[in-house]
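Subject: Structure for you to look at

Hello,

Here is the structure we talked about. Please open it first, then read the notes below it.

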Amino acid sequence: MINIFLYDNFFITIILFFTVFVIAILLDKIIGEFPNNIHPVVLIGKVIELLKIFLIDMNLYISGLLLFLGVFIIFFILNYALYQVVMYLPIFFVVVISGIFFSQAFSIKFLLDSAERIRYILDQKDIKTGRREVSKIVSRPTENLQRPQLISATIETLTENITDSVVAPIFYYFAFGLIVISVFCYYHLFDDAFIVTNLNIFVVNNFGMDANSNVIDIIFISVIFVYAYRVINTMDAMVGYKNGRYKKLGFIPAIVDDIVNLIPARISGYLMIFASYILGMNWKNAYRILKRDARNCDSPNSGYPMAACAGALGIQLEKKNNYVMGDPYKGLDTYDIRRAYNLSRWTIFLYLLLQIFLTALLFIIISFLF
């Protein structure tokens with residue numbers, strides 16, 4: 001059993017780390033997305049767009065590597081500069097600022113609200129506006145899509161983005177943070193911390209005291225690691241196509257994105273099956289369709305939550321000339337968007353519960369091991 005002093009500091013570090021997560025969830029629920037002109041992910045996209053202009057004409061596979069390295073070099077330079085400021089702030093402000101930034105690295109409110117807004121528009125039989133709204137959340141052309149196709153596109157995007165916009169960012173925050181905290185405990189790097197006996201540093205200037213830099217490092221760098229994922233994901237969304245003019249430029253970004261989403265996508269898919277069971281939907285069919293159709297997409301990951309949703313709802317989702325998921329037991333209706341909304345909301349809720357449980361479990365294990 002770890003000594004009481006180390007235990008207290010470890011416990012408070014876990015609490016602070018978790019508080020950042022709680023702040024982020026609450027801000028997403030209350031405020032949602034920042035305006036585009038100050039949104040961190042949008043700014044990442046502008047950097048990618050700028051470098052893309054210079055690299056697209058190379059028409060070489062190495063251009064994708066240069067894009068990848070260039071964006072990350074700029075990303076880490078900017079974050080290192082930010083860290084030089086953050087390390088001198090009181091821990092209280094580090095926690096709050098980190099929570100604010102973290103809230104913009106995932107998107108629960110916007111994702112769910114977008115689907116509900118489209119459902120309402122299509123319920124009003126306003127196909128023209130529905131096409132315009134769907135075009136904001138999908139990459140495919142929407143000007144000729146009919147009502148069932150708009151419904152399918154909405155459900156596909158809603159469920160696919162559970163991985164990219166929710167599960168993966170939160171997964172990497174906890175995965176990186178908890179691994180580092182465990183390493184710090186193993187090597188007794190909390191021994192010299194005195195955040196317990198000097199609570200005043202929560203609200204007064206920290207002056208970069210070495211004794212507490214470990215705590216600040218864990219919190220700040222965990223959020224930065226989330227944004228590293230968002231850089232990869234945004235790069236893939238902008239250039240990660242397997243044909244056309246982006247075939248060579250997007251080759252490496254697409255591969256890296258496939259790798260980092262490997263685990264989160266499967267978590268999303270299987271939690272969606274569990275959510276369908278809770279909601280009284282056809283969870284057995286959700287599992288069957290996931291096993292059968294999840295690999296129908298070009299991406300090895302995006303099909304998992306989409307296929308599970310198609311099976312649970314007993315519908316068929318189709319992107320023309322790309323993939324088909326599920327069986328056409330019934331025609332698509334706007335009510336299916338609402339059902340997919342509820343299924344997605346429960347999937348997200350279950351994932352948040354899972355992360356809380358795993359954090360508590362790790363805390364207990366470390367408490368007894370070290």
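Predicted model: local features only at pLDDT ≥ 70, side-chain atom pairs only at ≥ 80, totals over all residues.

The core. The largest nonpolar core has 108 residues, and the members that touch the most others are Phe102, Ile170, Tyr173 and Met235. Helix 7, residues 147–186, contributes the most to this core, namely 19 residues. If you leave out residues up to four places away in sequence, Ile170 touches Phe21, Ile25, Phe102, Phe106, Tyr351, Leu352 and Gln355.

Helix 11. This helix spans residues 283–293, and its buried residues are Asn285, Ala286, Ile289, Leu290 and Asp293. Those residues lie on the same side of helix 11, because the arc they cover around the axis is only 140°. The exposed residues Lys284 and Lys291 sit on the face turned away from that buried side. Among the elements covering the buried residues of helix 11 are helix 10 (262–278), helix 12 (303–313) and strand 2 (323–325).

Helices 5 and 13. Helix 5 covers residues 109–123 and helix 13 covers residues 334–369; their axes come within 9 Å and cross at roughly 165°. An angle over 145 degrees counts as roughly antiparallel, so helix 5 and helix 13 are roughly antiparallel to each other. Their crossing is left-handed. On the helix 5 side, the residues that meet helix 13 are Leu112, Ala115, Glu116, Arg119, Leu122 and Asp123. On the helix 13 side, they are Thr334, Ile337, Arg338, Tyr341, Ser344 and Arg345.

Regards

Technical notes. Residues numbered from 1 in each chain as written. Heavy atoms only, no water. Core = buried A, V, L, I, M, F, W, Y, C linked by side-chain atoms within 4.5 Å. Buried < 20%, exposed > 50% of the residue type's maximum accessible area, 1.4 Å probe, protein only. Helix = DSSP H or I, 4+ residues; strand = E, 2+ residues; numbered from the N terminus. Contact = heavy atoms within 4.5 Å. Arc of directions from axis to C-beta. Axes fitted to C-alpha atoms, helices over the stretch in contact; angles between N-to-C directions. Parallel < 35°, antiparallel > 145°, perpendicular 65-115°, else oblique. Left-handed = near helix turned anticlockwise from the far one by under 90°.
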